[in-house]
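My notes follow in the order I worked.

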Amino acid sequence: MIDWSAFFVVLVATVVAASAVVTLYSLGLRLVDRSGDRPAAWQRPLGIACFVACGLVVLYGVYLVIPYFHR
Amino acid sequence: MVALVIVLALFFDFTNGFHDTANAMATPIATGALKPKAAVAIAATLNLVGAFLSTEVARTISGGLIREGDGGIQITPVMIFAGLIGATLWNMVTWFLGLPSSSSHALFGGLIGAAIVGAGFGSVDFSVLLSKVVFPALLAPLTAGLVAYIAVKIAYAVTKKRQRNGFKHGQVFTSSLVSLAHGTNDAQKTMGVITLTLIAGGFQATGSGPEFWVIAVCALAIALGTYTGGWRIIRTMGKGLTEIEPGQGFAAEASTAATILASSHLGFALSTTQVSSGSVIGTGIGRKGASVRWRTAGRIALGWLITIPAAAAVGALAALVALSGTVGVVVDTIVAVGVIVGIFVYARRNRVDARNVHDEPTVLVRPKRSRKQQKQDEKALRQNGGTK
């Protein structure tokens, strides 16, 4: 009666997607922060890369929302 | 009759809009990531855009809940009218109480009530009701809550305390995504109702899509409703359930967006309202030092539980009156307008708007309490380490 396998797929996809967005954004925040004790030179670019990656995940979300793109 | 249904459907769309502003915008408003007015303006714009982006309307009004079409019953404009009265009135009541409840459930409930009166118990497919509405309603907040719990744990493990204000910027994007997703889903319900009414009334060919003016007015009605802002519900969601920090807000919206997108694309539809309430509670459990006000959560859950029966009862009553003929429809209309205006007028007595949306929602969810009780509650709240 209730489609448990579909539900399970949704659950896994949701956990993966939400964790990815939050992890990337949090890492970005941590790496970009300059108020701490002298960050290494590689930290800032990597932090920005995290933000960009997070933005891409969100853009994929926008892509999914708009039916025009995938018909 | 058809004109009356269209007007009522648009008003339902409007209540849908202001009911659901909270889903996307309660958390950014609560954390101060967006100013209240700016938040509702963004939500309204995205709902407007979203409504135009996706105009695939359902072929059945009730999504299989009512045995429509071949071999089933014919849903008449009068029944749709009665169903909409049930849905709209229930939306008004829950708005007044500040309860985030699902507008789709209210619509289903109203239609079920009207169909039972109009065509008997056999017209409702109760197994579909159970598998498409009742179980998902239980699973939605649990799923979102679990995901949000994980998300907030990650967010607080990775970042240091001083960095967490940065989540505010992220919140703008995640809440916008929730808004857009909402816009592409919810205006479609009303478009579907209007289009099917036009078809039933013989104004449009069977199986054709919505007319442009239908799309336009539905989009405008939901955007206007969103902009008006259901401040009462925003306050419940943003302040009533738990204290929300930026990191939590970001985690909650990311979870809400992920859950809605995944569920609508992988074929297991979940209600936006229930998902976002679940997310907020999940982040409240997940963050150390935050406490969840389970009494408020319980009240919301109770609201979900009775949404369908309550809307069905009103819908059934309205159908009973409306099916008696033209006089009945007129009586229904007058009573419905009277109740709606009455609730608006009564609500002015403790107004909630952009200015006092940050206040504690003590008066809100329980409007009728004595002064003394209120003081006791506030004291209890402080002792729980509740507020600032």
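This is a predicted model: local features need pLDDT of at least 70, side-chain atom pairs count only at pLDDT 80 or more; totals for chains, interfaces and linings use all residues.

On the H5(B) side I listed Thr143(B), Ala144(B), Val147(B), Ala148(B), Ala151(B), Val152(B), Ala155(B) and Tyr156(B). Facing them in H9(B) I found, among others, Gly247(B), Phe250(B), Ala251(B), Ala254(B), Ser255(B), Ala258(B) and Thr259(B). I sorted this contact by class and got twelve nonpolar residues, six polar and no charged.

Next I looked up the geometry of the pair. H5(B) covers residues 126-158 and H9(B) covers residues 246-265. Their axes come within 8 Å and cross at roughly 140°. I noted the crossing as right-handed.

I then took H9(B) by itself. Its 20 residues, at 1.5 Å a residue, should span 28 Å, and I found the end C-alpha atoms 28 Å apart, so the two values agree. I also checked cover: 18 of the 20 residues of H9(B) are buried.

Last, I turned to the interface between the chains. Here 32 residues of chain A are in contact with 40 residues of chain B. On the chain A side, helix H1 (4-32) and helix H2 (43-65) each supply at least two residues. The largest share of that side, 19 residues, I assigned to H1(A).

Conventions
Residues are numbered from 1 along each chain as its sequence is written. Chains are lettered from A and ligands numbered from 1 in the order in which they are written. Axes are lines fitted to C-alpha atoms, for helices over the stretch in contact, and angles run from 0 to 180 degrees between N-to-C directions. Helices (H or I, at least four residues) and strands (E, at least two) are DSSP runs, numbered from the N terminus. A crossing is left-handed if the near helix is turned anticlockwise from the far one by less than a right angle, and right-handed if clockwise. Two residues are in contact if their C-beta atoms, placed from the backbone, lie within 7 Å. Ala, Val, Leu, Ile, Met, Phe, Trp, Tyr, Cys and Pro count as nonpolar, Asp, Glu, Lys and Arg as charged, and the others, Gly among them, as polar. The expected span of a helix is 1.5 Å times one less than its number of residues. A residue is buried if 20 or more other C-beta atoms lie within 10 Å of its own, exposed if 12 or fewer, and partly exposed in between; C-beta atoms are placed from the backbone.
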